Amino acid sequence: MSQPSSSKLVHINPQGLHDPTPSCYTHVVTAPLAGRTIFASGQCGDIHHNGQPLDFAAQLDGALAGMKTVIQAGGGTVHDIVRINLYIVNHTEALLPIWSAAAKRIWGEGPYPASTLVPVPRLALDGLLVEIEATAVVLE
């Protein structure tokens, strides 16, 4: 799960998520500051379920679930998230209410993290529609 490094950074690949090592990244990296900062790699939901492609809303829910898992593995909660970056394939304004509803399921009525939404032509794998990257700060 944790991998030692020569600095005070801690690299974590939580159980239950795929092994990212062959793709040369880590799911979570924490770094000491005034508290603990958690840098989470972008998380995506499943592309298919029972052989059927999943739509944006379903993939978004999966990406948010993965985001919660990696932040928890780093010792934080969704309320410690200070920033997220959303990468959405072929983004249109019609997707914003879907995002807002999903965000309210995670953070309730707020406060919400700082956020950047980046429309992209594609993500790492064919069929992926959304990826969420998060940074959290756990104050001690």
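User: What does "buried" mean for a residue, and which residues of α2 are buried?

Analyst: A residue is buried under 20% relative accessible area, exposed over 50%, and partly exposed in between (1.4 Å probe, protein chains only). This is a predicted model, in which local features need pLDDT of at least 70, side-chain atom pairs count only at pLDDT 80 or more, and totals for chains, interfaces and linings use all residues. Residues are numbered from 1 along each chain as its sequence is written, and side-chain values use heavy atoms, with hydrogens and water left out. Helices (H or I, at least four residues) and strands (E, at least two) are DSSP runs, numbered from the N terminus. In α2, the buried residues are W99, A102, A103, I106 and W107.

User: Where do these buried residues of α2 lie around the axis?

Analyst: One considers the arc of the directions from the helix axis to the C-beta atoms. The buried residues of α2 fall within an arc of 115°, so they line one face of the helix. On the other side, P97 and R105 are exposed.

User: Which elements do the buried residues of α2 pack against?

Analyst: Packing is read from contacts, meaning heavy atoms within 4.5 Å. The buried residues of α2 pack against α1, β7 and β9. Not counting residues up to four places away in sequence, W99 touches L60, L64, I84, L86, W107 and I132.

User: Which residues touch the most other members of the largest nonpolar core?

Analyst: A nonpolar core is a set of buried Ala, Val, Leu, Ile, Met, Phe, Trp, Tyr and Cys residues joined through side-chain atoms within 4.5 Å. The largest one has 27 residues, and M67, I81, I84, W99, W107 and I132 touch the most other members. Two or more residues come from each of β4, α1 (56-73), β7, α2 (96-107) and β9. With seven residues, α1 gives the most.

User: In what sense do β4 and β9 pair?

Analyst: Two strands pair if DSSP finds at least two bridges between them. Strands β4 (residues 36-43) and β9 (residues 130-138) pair in the antiparallel sense over six bridges, with T37 opposite V137. Strand β7 (residues 81-89) also pairs with β9 in the antiparallel sense, over seven bridges; there, I84 has A134 as its bridge partner.
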